[in-house]
Amino acid sequence: MADGSFHNFPFTAVAGQESLKLALVLTAINPGIGGVLISGPRGSAKSTLARGLAGVMPHLESNETAFVTLPLGATEDRLLGSLDIDSVLNDKQVKFQPGLLAQADQGVLYVDEVNLLADSLVDVLLDVSASGVNRVERDGVSHVHDSRFVLVGTMNPEEGELRPQLKDRFGLMVTLSNQYTLEERVQIVRLRDEFDQDPKGFCDAFKYKQRNLRQSISHAKTRLNTIKCADALRMDIASRCQDANVDGVRADIVWVRAAIAHAAWRGANTVSIEDVQAVEDFVLAHRRQTPPQSKQSPPPSSPPNSAPPSSRRPPDSHKQDEGQGPGKSSPSPQNDSVGEWGSMLPELQATSDAVVIGTQLFSEAPAQSGNSALLAGKQRGSSQGGANLGKRQSGSIDMAQTLRSSAGEWPPKQLVRRKGREGKPVLHCILLDTSGSTLADQTFAKAKGVILDIAERAYLRREQISILGFGGDQVDWLLPQVRAPQNIRAQLDTFSAGGGTPMHQALVDAQQYLVQALRQQPELELNSYILTDGRVSGDFPVAAWQGALAVIDTEQSPIKRGRAQELAQALNADYLSLSQLMA
């Protein structure tokens, strides 16, 4: 550009996406709402609107509103702030060096691909966003500063979902689509061409619209404390949250704040039902859950907007073979894709008592030779062992302690590292066969008993768990990635079984999910389990699995086909037999 300056695409020049614009404006009026999470595919103007928001926010003391980007590779020191090394070396003084949270004060803090950001950073970020204050106690520095900003996070759901417990802490969420009418597509391309040819001239053409919107936001901010919300409307909000079966009362608080901001935006003096309804989808989009169902009705396939990536898939393209025993009629041609079990409606089986799989699985020490339940699907190298739960992670450099130990020498002779966290984060990913064949001999109930044992152990160690079910005509995440609950039996009891066995698609979905999990947390320890009777046709692809893997064979017929053991061999996994475990 001729003047060497940089111009963001004007907020008011973006065509369409009116819902997102409204959500961003409401958060600019009241940052206490807690930020906006934007979910949408590539090319849906997520980043463009996020960057453009700073241009229409009221300026602070005639200065431009700060727009700060949090990169994916940022450290906690970079985000929170840390010891100023130059001040220590040159002035012999302990001084605080502001981080990104200080820079973003009174501005916009933008996180692109927030679902790929380390959970520890997201947690800190949301804490400060809610409180408006950043407290730093590290490296010999004790510092508190204001950090009030509009938090905007964007994510592409194809690259993995944000953890449900973190997603809930965003005040509002907007899900975008990149489906446009022909007229909208033409207008978007035309505006973009004009901007690229002359950014400064294009921005000048919209400067009055930008100024008017900025003034409207500023005026709405000044009126926030004067707007009243009647108790009847607060009761209506509480009732709607209860009907949506949301967790906690964060949704109620955010909803009232967003409704008040919407009333201020309209220029009204009191909140009306119009304001309540206008923000309902923003508040509940990432919090709404399916209401609990009785055991007589089929359970929900998965909680909306809370499952890991690829949560719902079409049936496996491979022909299913559910294995018909003597005396069973052959399926009709139109049903041979799911086998005889495909005609069965889903059925519930209460979870059995915990089936202990043994502590030797995934441990560093080799299994005892006397344990006949644990076999090797293939010979595994020692480097492919399981979780090193007793080891510590190497911590980051403790610069304050390094300087103290070096007695003023520079460069220091030895770097001192912070004490790492105890153990590693661990995820237990369970693939559960929910096809109709597992209903025989209470096999499905016993398989859930195995999960009960895994979940109880994970709870005691504060580890995470996720469950992918495959059966019928779909692959569903029955339980998203969460910290193992104290009691999972009631949830397991709602899982039903029926239909065919789309195992091949489940393997693909699980592998994609585990790869994504490692991208988010490279230090994550992965323990996977496939519980299946192996009644599926087609060869199993030989593949390298992410982390440790065990195949638990739930086939209990006197004459076994051995397909689950073939699966263990193909995936180089440990193999356990449910029959031997039960014995």
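Asn30 lies in the loop that runs between helix 1 (18–29) and strand 1 (36–39), where helices (H or I, at least four residues) and strands (E, at least two) are DSSP runs numbered from the N terminus. This is a predicted model, in which local features need pLDDT of at least 70 and side-chain atom pairs count only at pLDDT 80 or more, while totals for chains, interfaces and linings use all residues. Residues are numbered from 1 along each chain as its sequence is written, and side-chain values use heavy atoms, with hydrogens and water left out.

With a relative accessibility of 17%, Asn30 counts as buried, a term that means under 20% relative accessible area, as against over 50% for exposed and in between for partly exposed (1.4 Å probe, protein chains only). When its neighbours within four places in sequence are left aside, Asn30 is in contact with Leu224, Arg257 and Ala261, contact meaning heavy atoms within 4.5 Å.

## Val68 in strand 2

Val68 is placed in strand 2 (residues 67–69) and is buried, at 7% relative accessibility. Its contacts, apart from neighbours within four places in sequence, are Leu100, Gln103, Ala104, Val108, Leu109 and Tyr110. Tyr110 is 42 residues away from Val68 along the chain, yet the C-alpha atoms of Val68 and Tyr110 are separated by 6.1 Å.

## Packing of helices 11 and 12

Helix 11 (residues 231–243) packs against helix 12 (residues 250–266) at an angle of about 135°, with the axes 10 Å apart; axes are lines fitted to C-alpha atoms, for helices over the stretch in contact, and angles run from 0 to 180 degrees between N-to-C directions. Helix 11 and helix 12 are therefore oblique to each other, because angles under 35 degrees count as roughly parallel, over 145 as roughly antiparallel, 65 to 115 as roughly perpendicular and the rest as oblique.

Helix 11 contributes Arg234, Ile237, Ala238, Arg240 and Cys241 to the contact, and helix 12 contributes Ala251, Asp252, Trp255 and Val256.

## Cysteines and the protein as a whole

The structure holds 0 disulfides, a disulfide being a pair of cysteine sulfur atoms within 2.5 Å. Cys203 is buried at 16% relative accessibility, and Cys429 is likewise buried, with a relative accessible area of 1%.

The protein has 20 helices and 19 strands, and buried residues make up 50% of its 583 residues. Of the contacts between residues at least 6 apart in sequence, 75% join residues at least 24 apart.
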